[in-house]
Amino acid sequence: MPKIEQWMTTHVLVPDVQRFGCEFLFQCGTHVANQRHLKHFLPIVVRALVAHPSAVLVQQRACAALQKLAGYPETARRMVNHEDGSAVRLILAAMASHRTDSELVERAGDTLYNISIDGEAKPRLLLLPVMPQVIESLRAHSGSFDVAVSMLDVVKNLVPPSGAFSSDASPASTMNQFLRSGLLQAIAELLQKSRATFSRYKRSLLQVLKALHAADASARQCIREAGILELLRSLPTNENPEVAALITSLEQS
């Protein structure tokens, strides 16, 4: 491992070195037991993102490496701090600059998801401009199952439960952020796709709607106003008991 660190540090401006180095870290991080041993590589991966903003393969593999590094809670928290160049902002910039690269966007989404799992990192993640980029990616890649599920899983984890985040942001402000983000419009677009397509997204999409439904009365009202209740009613509920249960909950609330 010291040789990889030296290699990536010495050849910062060589794209292939940074790409292969990030790929090596990704492969090592696949084993959960290794993730805490890789935590000191965070500044090195961040430096690769900064040094090669237009090299899509470097950005792609760097995001993949960060996905694994974020699996360790201490590293996930560092990613939302400024001490490492604000890794999350660099991830969002990579998603915006290379928005058509589905693998990069998926890896970036998986990284954001891993960060959002940590209870300390999640409130700070919500203060960053994550939602607009996630919604843009969800809409741009709605035909890609892997990207759509990755983005929906990020959203599900970031929905603020009632009474949460009182020290960093009020529940009302974070919920308003969600309701203004275009999320419900993106969900409505997914629901308008064919039944076969919906079946692929169903689990993640319903988890987002359930989380919004449970979190806030204004969110329940917005779900109805966005036409989502009507779209849910158009689905074959006999094949989707979870959909039927959600419809009943929305009708009664």
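This is a predicted model: local features need pLDDT of at least 70, side-chain atom pairs count only at pLDDT 80 or more; totals for chains, interfaces and linings use all residues.
Now widen the selection to residues 183-191, the whole of α12. The helix is mostly covered, with seven of its nine residues buried.

**Next stop: G29**

Select residues 15-29 to bring up helix α2, where you will find G29. Is G29 buried or exposed? Its relative accessible area is 0%, and buried means under 20%, so G29 counts as buried. To see what lies around G29, show Q35, L38 and K68; G29 is in contact with these residues, leaving aside its neighbours within four places in sequence. Then try a distance between C-alpha atoms: those of G29 and Q67 are separated by 8.6 Å, although the two residues are 38 apart along the chain.

**Last stop: α3 and α4**

Colour residues 42-51 (helix α3) and residues 56-69 (helix α4) separately. The two helices pack at an angle of about 155°, and their axes are 9 Å apart. Angles over 145 degrees count as roughly antiparallel, which is why α3 is described that way relative to α4. Their crossing is left-handed.

From α3, pick L42, V45, A48 and L49; from α4, pick V58, Q59, A62, A65, L66 and L69. What kinds of residue make up this contact? Nine are nonpolar, one is polar and none is charged.

Notes
Residues are numbered from 1 along each chain as its sequence is written. Side-chain values use heavy atoms; hydrogens and water are left out. Helices (H or I, at least four residues) and strands (E, at least two) are DSSP runs, numbered from the N terminus. Buried means under 20% relative accessible area, exposed over 50%, partly exposed in between (1.4 Å probe, protein chains only). Contact means heavy atoms within 4.5 Å. Axes are lines fitted to C-alpha atoms, for helices over the stretch in contact, and angles run from 0 to 180 degrees between N-to-C directions. Angles under 35 degrees count as roughly parallel, over 145 as roughly antiparallel, 65 to 115 as roughly perpendicular and the rest as oblique. A crossing is left-handed if the near helix is turned anticlockwise from the far one by less than a right angle, and right-handed if clockwise. Ala, Val, Leu, Ile, Met, Phe, Trp, Tyr, Cys and Pro count as nonpolar, Asp, Glu, Lys and Arg as charged, and the others, Gly among them, as polar.
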